[in-house]
Amino acid sequence: IESKIVSTHYFTARQGAEHADAYSDTGNLPDSLGLLTFCVLVLRTGHTIVGKSACVSAANFDAGLGRKYAREDAIKQMWPLEGYLLSERLYETR
């Protein structure tokens, strides 16, 4: 799985909203956006997978843990794709 990943990118929803285009409502951002962490994995094929993690309370927020859990969520999403790819290859070799 790891060998399929070209790059990994992390940001919070707040960071994303702050850098959003003019069509987004960035005037009054709720604090909770800073508690939602995204991880974007870019695969060798150019395909992207997004993982996320969030906590309920700002007192419990840890940026490092947010990145860790968001990445774990993205990796979990890769497994079904890899399973499909394998089954397709096995089918084609029959």
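This short talk walks through the salt bridges in the structure shown above.

Before I start, please keep in mind that this is a predicted model, in which local features need pLDDT of at least 70 and side-chain atom pairs count only at pLDDT 80 or more, while totals for chains, interfaces and linings use all residues. Residues are numbered from 1 along each chain as its sequence is written, and side-chain values use heavy atoms, with hydrogens and water left out.

A salt bridge here is a side-chain nitrogen of Lys or Arg within 4 Å of a carboxyl oxygen of Asp or Glu, and by this rule the count comes to 4.

Let me begin with Glu-2, which pairs with Arg-71, their closest N and O atoms being 2.9 Å apart. Because Glu-2 lies in the segment before strand S1 (5–12) and Arg-71 in helix H2 (residues 63–92), this pair ties together parts that are 69 residues apart in sequence; helices (H or I, at least four residues) and strands (E, at least two) are DSSP runs, numbered from the N terminus.

The segment before S1 also holds Lys-4, and helix H2 holds Glu-82, so their pair ties together parts 78 residues apart in sequence, with the closest N and O atoms 3.5 Å apart.

Turning to Arg-14, we find a salt bridge with Asp-31, again described by its closest N and O atoms, which are 3.5 Å apart. Arg-14 lies in helix H1 (residues 13–18) and Asp-31 in the loop between H1 and strand S2 (36–43), so parts 17 residues apart in sequence are tied together. Salt bridges that share partners join Arg-14, Glu-18 and Asp-31 into one network.
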